[in-house]
Amino acid sequence: MLADCTKRYLEDLARAGSSAHTVDAYAADLREFLASLAPGGGALPEPAAIDLLMLRQWLAGLYHRGQQTVTIRRKLAAVRGLFRFMLREGMVTKNVARLIRTPKAPQKLPQVLTPDQVNGLIEGVASQKIERPHPARDRAIFELLYGCGVRVSELAGLSLGDIDRAEGWIRVRGKGRKERQVPLPGKASAALERYLAERPAVRDQAAVFLNHRHGRLTDRGIRGIVKLYATYVNGDPSIHPHSFRHAYATHLLADGADLRAIQELLGHARLSTTQKYTQVSLTDLMAVYDKAHPKA
């Protein structure tokens with residue numbers, strides 16, 4: 001019963017608009033959770049039989065295995081979501097997972113690429129020093145990641161009908177199927193035009209970015225492209241698509257953009273999520289002060 005309920009919960013998440021990445025992560029977390037409830041391959045308990053002690057033992061196991069706090073928080077969110085679903089379905093009478101305190105995550109500021117680092121990387125992509133089958137596509141990917149600040153899933157999900165070339169904006173489908181309009185800056189627009197001019201015309205395929213089989217380029221495919229160029233051009237394989245989103249927001253803020261405008265551009269539901277970029281900017285400012293001020 002518990003395994004079947006977990007499957008239905010994941011299906012419900014997908015129908016509600018959760019991203020495929022989130023559903024896959026929760027599926028893995030919940031498989032691990034169910035395995036902890038049936039050690040040695042034994043029978044799973046009934047949902048109503050899962051008590052606070054069982055949950056605490058499961059959580060203690062995560063700490064014992066040295067799981068990172070952010071990972072534990074996600075796993076706990078998956079289990080809480082499952083219990084909310086079971087409560088709604090009448091399979092349990094209370095959500096005991098709510099009684100587990102969420103571990104505090106350390107405040108870790110994102111590492112942000114400088115404008116010179118970003119421009120150097122994009123110029124490296126444009127130079128075509130790496131022999132790649134679709135250089136125009138690759139450059140357009142980098143220009144849109146930095147020029148529009150989109151998530152990798154949003155870029156992969158971009159379709160031809162989402163581009164307004166006349167007005168200079170793109171329609172982005174973010175988390176929870178929320179849509180927003182993002183300006184398409186000049187360099188990104190030019191790179192996109194160059195790519196679209198040579199993009200194969202594939203019947204019934206509306207995706208902007210195509211893979212070598214003329215199907216929609218996936219999140220994973222884009223990550224691989226970014227890692228390849230970042231390793232070759234910048235010598236830094238740790239650069240990933242989200243690095244450009246961080247840079248986009250931080251550079252806008254540093255040049256005087258309003259925080260709420262940045263919130264809208266990024267598609268953040270809460271301003272507090274956007275405010276971490278003010279902390280990054282303040283950290284950079286203090287570094288300059290410490291280096292330059294005679295009284296520092």
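Which backbone oxygen does the side chain of Arg180 reach? The backbone oxygen of Leu265, at 2.8 Å.

## Basis

This is a predicted model, where local features need pLDDT of at least 70, side-chain atom pairs count only at pLDDT 80 or more, and totals for chains, interfaces and linings use all residues. Residues are numbered from 1 along each chain as its sequence is written, and side-chain values use heavy atoms, with hydrogens and water left out.

Arg180 sits in strand S3, residues 179-183. Strands are DSSP runs of E with at least two residues; helices are runs of H or I with at least four; both are numbered from the N terminus. Arg180 is buried, at a relative accessible area of 11%. The classes are buried (under 20% relative accessible area), exposed (over 50%) and partly exposed (in between), with a 1.4 Å probe and protein chains only.

## Aromatic pairs

A pair of aromatic rings is described by the distance of the centres and the angle of the planes. Rings of Phe, Tyr and Trp (its six-membered ring) pair if their centres lie within 6.5 Å; planes under 30 degrees apart are stacked, over 60 edge-to-face, and the rest tilted. By this rule there are five aromatic pairs. One of them, Phe142 with Tyr229, is edge-to-face, at 5.5 Å centre to centre and 85° between the planes. Phe142 lies in helix H6 and Tyr229 in helix H9, so the pair ties together parts 87 residues apart in sequence. Both Phe142 and Tyr229 are buried.

Tyr195 and Phe209 are stacked: 5.4 Å centre to centre, 15° between the planes. Tyr195 belongs to helix H8 and Phe209 to the loop between H8 and H9, so this pair links parts 14 residues apart in sequence. Tyr195 is buried at 4% relative accessibility. Phe209 is buried at 1%. Phe142, Tyr229 and Phe244 form one aromatic cluster.

## Positive phi in loops

Gln128 is not a glycine, yet its phi is positive, near 60°. Gln128 is in the loop between helix H5 (115-126) and helix H6 (135-148). At 51% relative accessibility, Gln128 is exposed.

His214, also not a glycine, has a positive phi of about 65°. His214 is in the loop between helix H8 (186-198) and helix H9 (219-234). His214 is partly exposed, at 37% relative accessibility.

Note on methods: Polar contact = N/O pair within 3.5 Å; in protein donor to acceptor, adjacent residues only side chain to side chain.
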